[in-house]
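The sequence and the structure are shown below.

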Amino acid sequence: MLSALDRRHTIAPPGYSRWLIPPAALAIHLCIGQVYATSVYKNSLIAHFDTSQTAIGVIFSIAIVMLGLSAAVAGTWVEANGPRKAMFVSACFWATGFLVGSVGIATKQLWLLYLGYGLLGGIGLGIGYISPVSTLIKWFPDRPGLATGLAIMGFGGGAMVASPLSRQLLSFYDPGYDPANAGSTASGSALVWLFVTLGLGYFVIMMFGVANVRVPAEDWRPAGFDPASVAAKPLVTTANVSAANAVRTRSFWLLWVVLFCNVTAGIGILEQASPMIQDFFRDNGTSAVTVAAAGGFVGLLSLFNMAGRFVWSSTSDVIGRKPIYLVYLGVGMVLYALLALVGQTATALFVLLACVILSFYGGGFATVPAYLRDLFGTFQVGAIHGRLLTAWSAAGIAGPLIVNGFLDAQGKPGTLTAAAYRPALFTMVGVLAVGFVANLLVRPVPQRYHEPAGDVDEPKTEQRSGTR
C-alpha cells in the first residue's frame, strides 16, 4: 500500500489540471502554519506545568530550529522520493508530535512536550514546508512566484485559522475557560484534548494534500509556454545545479544572508506585536490601546503576512526576484526608521507601517523558492530550499534576542514606551542594510557548478534513489 506514495505512481495523467496542485500544497501549509498560534495556549501551559514563560517558550524555539534543520537534512530525500511520500511523512510527524505532546501534558512531563511538539512536530514542519515547492515550480514554470506564493501563503495564514479554533476548542473542553479574557487559563484535560483533536484533525486535512498532489510528466509544458521567454530574463538560468554544488556557490550564501536579514527584522516585530503597540501609546503608565485591540492588531499582522506572500511573490514574476528583494529590504529600512521616529504619533500610522513591514516579511518567504529556481534550475530546488531555510532557524533566534535584549535593558514589561524600542528598531535598519547589499551582490551561478546536460531528468533521479 505504501508503494502508492512513490514518485512513479504520482505522475499526472494527460489533462490533469495543474490548478489542483496549489490546494494540495495549501492543505499542508495551513496545517503546519499552526506553529504561529502557540501563544494562544501558552499561559495555560505555564499554569498547568507551574513553570516559567521561558520554559514553555522553548517549545516553539525547538520547533522552529528543527524546521530548518530537518528541511536542510531531508531536502535531497524529498526531491528523490517525490511530494506525495514527503507530505505523508510530514503528516505523520506533525500529528505524532501533537499526540506525544498530549501525553506529556496528561502526565505533566514537560520533556515529552519538547520531544513531541518541539522535536517530532518540528521535523514534520520542515519536511512539510519544502515538500510541495519543487513540484509547484515544475507545474508553473511560467509563474513560479505565484505558485509558491499560493502555497506558502497558507503557512502565514495557518495561525489565523488555528488561533480562534484553539480558543473555541479549549472553551468547549473546559467551560470555565473564557477565550475573551486574556488572564483565563484552561485546565490540563482541556489542553490534552486540544492536542489530540488538532493532531488527528490536521492529519486528515493533510491527507487531502497527499491524495491530490501529482508531478508533471517529463515532457509536459503549459499551453503556449515558451521556456526561452523565461530564460531571457535577468538572472534566470536554463541550466541546473545540484544541492551539493549549490552550497558551494557565492550566490547561495548571499541569498542565505538576504533571507536571514529579512526574517530577523520581521520576526522581531511579530514576536513582540501585542505589547509593542500598547507600549508605543503608553502615557503615565496607561496605554491607550486595550488588550483586545492589541489582539486585533496581531490578527491584522497575520493577514498582511499571509497576503504579502501571495501579492509580492506574484509581483516578482513581473519585475524579477532581485528587484523585489530590493523593495523588501530597501523600503523596509525606510519603514523601520519611520516606525522608530514617528510611529507613536498616530495609531493608524503605526498599524500601517507595521502591516507593510510584515507583508515584506511574508513576501520574502514566498519569493525565495522562485529566486532559487532562477539561479539554480529545477533539478533539486526543493533540496536547495531546505538548506537555505537554516537562515530561518538562525533568524528565529536572533530576531527575538535582539529586540528582547534591548527591551530588557530599558525597563520592565508594562512600563515601556516608544523610546524604549528605538535602539532595537534602528538595529533592524542596519540588519536590513546588510541584506540589501548582499542582494545587490547576487550574480548568475558560474558554469562550472552546472549539471551535465541530459543528467537531470526525472527517471534518472528515480534510478539514483532506487525507486524505479
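Does Leu303 count as buried, partly exposed or exposed? Leu303 counts as partly exposed, because its relative accessibility is 36%; buried means under 20% relative accessible area, exposed over 50%, and partly exposed in between, with a 1.4 Å probe and protein chains only. Leu303 has its place in helix 12.

The model is predicted: local features need pLDDT of at least 70, side-chain atom pairs count only at pLDDT 80 or more, and totals for chains, interfaces and linings use all residues. Residues are numbered from 1 along each chain as its sequence is written, and side-chain values use heavy atoms, with hydrogens and water left out.

**Confidence and overall form**

The average pLDDT of the chain is 88, and 95% of the residues score at least 70; pLDDT is the predictor's confidence in each residue, from 0 to 100. Over residues 458-468 the pLDDT is below 50, and this stretch has 21 contacts in the model beyond near neighbours in sequence. A contact means heavy atoms within 4.5 Å.

The chain has 18 helices and two strands, which are DSSP runs numbered from the N terminus (helices H or I, at least four residues; strands E, at least two). Its radius of gyration is 22 Å, close to the 23 Å that the globule rule gives for 468 residues, so the chain is as compact as a globular protein of that length. The radius is taken over C-alpha atoms, and the rule is 2.2 Å times the number of residues to the power 0.38. Along the principal axes, the C-alpha trace spans about 70 × 50 × 35 Å. Of the 468 residues, 57% count as buried.

**The nonpolar patch**

Leu303 also belongs to a nonpolar surface patch of about 450 Å², made together with Leu30, Met160, Val161, Leu165 and Phe304. Such patches are made of residues with over 30% relative accessible area and no salt bridge; like charges are joined within 9 Å, nonpolar side chains (Val, Leu, Ile, Met, Phe, Trp, Tyr) within 5 Å. Helix 7 (144-173) and helix 12 (291-319) each give two or more residues to the patch, and the largest share, three residues, comes from helix 7.

**Salt bridges**

The whole structure holds seven salt bridges, each a side-chain nitrogen of Lys or Arg within 4 Å of a carboxyl oxygen of Asp or Glu. The table gives some of them.

| Pair | N to O distance |
|---|---|
| Asp142 and Arg18 | 3.0 Å |
| Arg282 and Asp279 | 2.6 Å |
| Asp317 and Arg321 | 2.8 Å |

Asp142 and Arg18 meet in a salt bridge. Asp142 lies in the loop between helix 6 (133-139) and helix 7, and Arg18 in the segment before helix 1, so the pair ties together parts that are 124 residues apart in sequence. Asp142 is partly exposed at 25% relative accessible area, whereas Arg18 is buried at 12%. Both Asp317 and Arg321 are buried.

A network of salt bridges links Asp6, Arg8 and Lys85. Lys85, in helix 4 (residues 83-107), is buried, with a relative accessible area of 17%.

**A residue between two helices**

Val40 lies in the loop between helix 1 (21-32) and helix 2 (42-49) and counts as buried at 13% relative accessibility. Leaving aside neighbours within four places in sequence, Val40 is in contact with Ser163, Ser166, Arg167 and Tyr177.

How values were computed. Accessible areas come from the Shrake-Rupley method with a 1.4 Å probe; for residues, only the protein chains shown count as cover.
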